[in-house]
Amino acid sequence: MQIGPYALANPVFVAPMAGVTDRPFRQLCKRLGAGYAVSEMVTSRRDLWDSLKTSRRANHEGEPGPIAVQIAGTDAAMMADAARYNIDRGAQIIDINMGCPAKKVCNKWAGSALMQDETLALEIIDAIVQASAVHGVPVTLKMRTGWCQSHKNALSIALAAQSAGIAMVTVHGRTREQGYRGQAEYETMAAVKAALHIPVVANGDITSPHQARQVLSLTGADAVMIGRAAQGRPWIFREITHFLETGNVLASPLVQEVRRWLVAHLQDHYSLYGEYTGVRSARKHIAWYLRSLPGGEDFRRRLNLLSDSAAQVQAVDDFLNQLNQSMDRIPAVYDASGRLLPEAASHGNESDPMRHPTMSLHHEQ
Ligand SMILES: Cc1cc2nc3c(=O)[nH]c(=O)nc-3n(C[C@H](O)[C@H](O)[C@H](O)COP(=O)(O)O)c2cc1C
């Protein structure tokens, strides 16, 4: 699997999720087996580039490459500028957000809303590809299956994007109108893959190794991209890659492994966000990690009362050390064929956005 000059370790990617896939989380996912990660979207609004939020998103210190930065906006010249700005700050791949219902970017709907206006979408793609080509930087595109059920234009946009020089296309199997409702469909991705010669990535509702393999074979896609199922479960990447390579289901992680990963994740998180914001924004990650563990819900309620990082880390450490007295490994979430167990799905059914406290975050920009 190759994006421009970059060979990727494996075809299992982390999806960009604003408010979730920040540098600490991406680094952890990569360490635990993800072949590739895209940053949270960065606005094309120049007046926001100096904001704390954008400068954190544009910070890639210590992240293993290739560094892929997603940009969002509705104006071709501004998007080209945003590509140049991020390339100057270390982006090695630029990803165009045409998949996320990004509101308030340039005071207009951006992201997947662009799929409604193919002429503008192509103008933006052309401008970014030209601005990036000067620096030898490949440009990729993330989109949905279309604007609405009666206007599924992923294929025509993907073909035009390929002709314009796009190096890889990711398709989330829902329309813009669907938001996160219903189930992702994979037929449109199969049609896009069959028509394109550049790599195509399948995304949407992939929550288990078995499902990843099924989606790859159903669509013929070159890679899968995992979003919500990785929240609090960054080891899903090694589980999927192991299953794709061997056909065997990896044992659940040891409680002590989860403790070490989570504590390291928290330390990285505080160092990026600082004490005040870090402690508050870490709560959702901790809740995701612990939601399906015995006593996890009670712990989450207690956790929200803690307001300093040392106490937060200590509480997590104590909780997992105590859990380790009754079990070595966290409870299995897959059966022997790699399918998500029903009881695990009821805790972490990633296809239901209402279960995701940060769903509203990606509307902020
Ligand atoms: C909290 C959250 C934030 C998201 N932010 C972005 C984003 O910044 N850019 C983007 O292209 N997609 C974004 N998405 C969409 C995901 O990348 C992905 O396409 C979608 O969640 C479907 O994949 P999944 O079923 O594996 O989660 C976001 C999704 C969530 C849940």
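Residue numbers start at 1 in each chain and follow the sequence as written. Since the model is predicted, local features need pLDDT of at least 70 and side-chain atom pairs count only at pLDDT 80 or more, while totals for chains, interfaces and linings use all residues.

**Exercise 1**

Work out how helix H1 packs on helix H9, and which residues meet there.

*Solution.* Start by locating the helices: H1 covers residues 23–31 and H9 covers residues 255–273. Both are DSSP runs (H or I, at least four residues; strands are E, at least two), numbered from the N terminus.

Next, the geometry. The axes are 8 Å apart and the packing angle is about 150°. That makes H1 roughly antiparallel to H9 (angles over 145 degrees count as roughly antiparallel, under 35 as roughly parallel, 65 to 115 as roughly perpendicular, and the rest as oblique). Axes here are lines fitted to C-alpha atoms over the stretch in contact, with angles from 0 to 180 degrees between N-to-C directions.

Then list the partners: Arg23, Pro24, Gln27 and Leu28 of H1 meet Trp261, His265, Asp268, His269 and Leu272 of H9. Contact means C-beta atoms, placed from the backbone, within 7 Å. By class, that's four nonpolar, three polar and two charged residues.

**Exercise 2**

Find out how domain 1 and domain 2 sit against each other, and which element gives the most to the domain 1 side.

*Solution.* First, the bounds: domain 1 is 2–251 and domain 2 is 255–324, taken from an automatic or database domain assignment. Their C-alpha centres lie 28 Å apart.

Now the contacts: nine residues of domain 1 touch nine residues of domain 2. On the domain 1 side, H1 gives the most, with four residues.

**Exercise 3**

Decide whether Met98 and Asp205 are buried or exposed, and describe where each one sits.

*Solution.* Take Met98 first, in strand S7 (residues 93–98). Met98 has 27 C-beta neighbours inside 10 Å, so Met98 counts as buried (20 or more other C-beta atoms within 10 Å; 12 or fewer is exposed, in between is partly exposed). Leaving out residues up to four places away in sequence, its contacts include Gly111, Leu114 and Leu141. Leu141 is 43 residues from Met98 along the chain, with 6.9 Å between their C-alpha atoms.

Asp205 is in the loop between strand S10 (200–203) and helix H7 (209–219). With 22 C-beta neighbours inside 10 Å, Asp205 is buried too. Check its backbone as well: phi is near 65°, a positive value in a residue other than glycine. Most residues other than glycine have a negative phi.

Terms used:
Contact = placed C-beta atoms within 7 Å. Nonpolar A, V, L, I, M, F, W, Y, C, P; charged D, E, K, R; others polar.
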